[in-house]
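Colleague: Please take a close look at one part of this model. I would like a connected account of how that part sits among its surroundings.

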Amino acid sequence: APVPVPEPVPVEPSHPEELICPLTHELFVDPVTTPYGHAYERKSILEHIRLNGGPAGAPDPLTGRILNESMLTSSFTLRGLAYSQR
């Protein structure tokens, strides 16, 4: 059975910047990392790739380097840290 995904939580000043998605500006729920060292909320970066990409992928929003879905890795550490902030 699929695991329920928590709803986004508004950012508070006490939330560490590392746990905030640079696209949504919300606390991570389902973070993924790129090979370039950045993390994004999964839904948001997949939408970015779909809307801005070609056959090879889309530019990473922070680095401009080509990024595609197969390059994303789930970040269980960031997910756990963000969950502890809820």
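**A helix and its sheet**

Modeller: Three strands form an open sheet in the order 2-1-5, with antiparallel pairing. Two strands pair if DSSP finds at least two bridges between them. Strand 2 and strand 5 (73-74) are the edges; each has a single partner strand, so one side of each lacks a neighbour in the sheet. Strands 1 and 2 run antiparallel and are joined by three bridges. In strand 2, Glu 41 is the bridge partner of Pro 31.

This is a predicted model: local features need pLDDT of at least 70, side-chain atom pairs count only at pLDDT 80 or more, and totals for chains, interfaces and linings use all residues. Residues are numbered from 1 along each chain as its sequence is written, and side-chain values use heavy atoms, leaving out hydrogens and water.

Now the helix. Helices (H or I, at least four residues) and strands (E, at least two) are DSSP runs, numbered from the N terminus. Helix 1 lies across strand 1, strand 2 and strand 5, at about 95 degrees to strand 2. Axes are lines fitted to C-alpha atoms, for helices over the stretch in contact (heavy atoms within 4.5 Å). Angles run from 0 to 180 degrees between N-to-C directions.

In helix 1 (residues 42-52), Ser 44, Ile 45, His 48 and Ile 49 are buried. They span an arc of only 135 degrees around the axis, which puts them on the same side of helix 1. That arc is taken from the directions from the helix axis to the C-beta atoms. Their cover includes strand 1 (31-33), strand 2 (39-41), strand 3 (58-59) and strand 4 (66-67). The face turned away from the buried side of helix 1 carries exposed Lys 43, Arg 50 and Leu 51. Buried means under 20% relative accessible area, exposed over 50%, partly exposed in between (1.4 Å probe, protein chains only).
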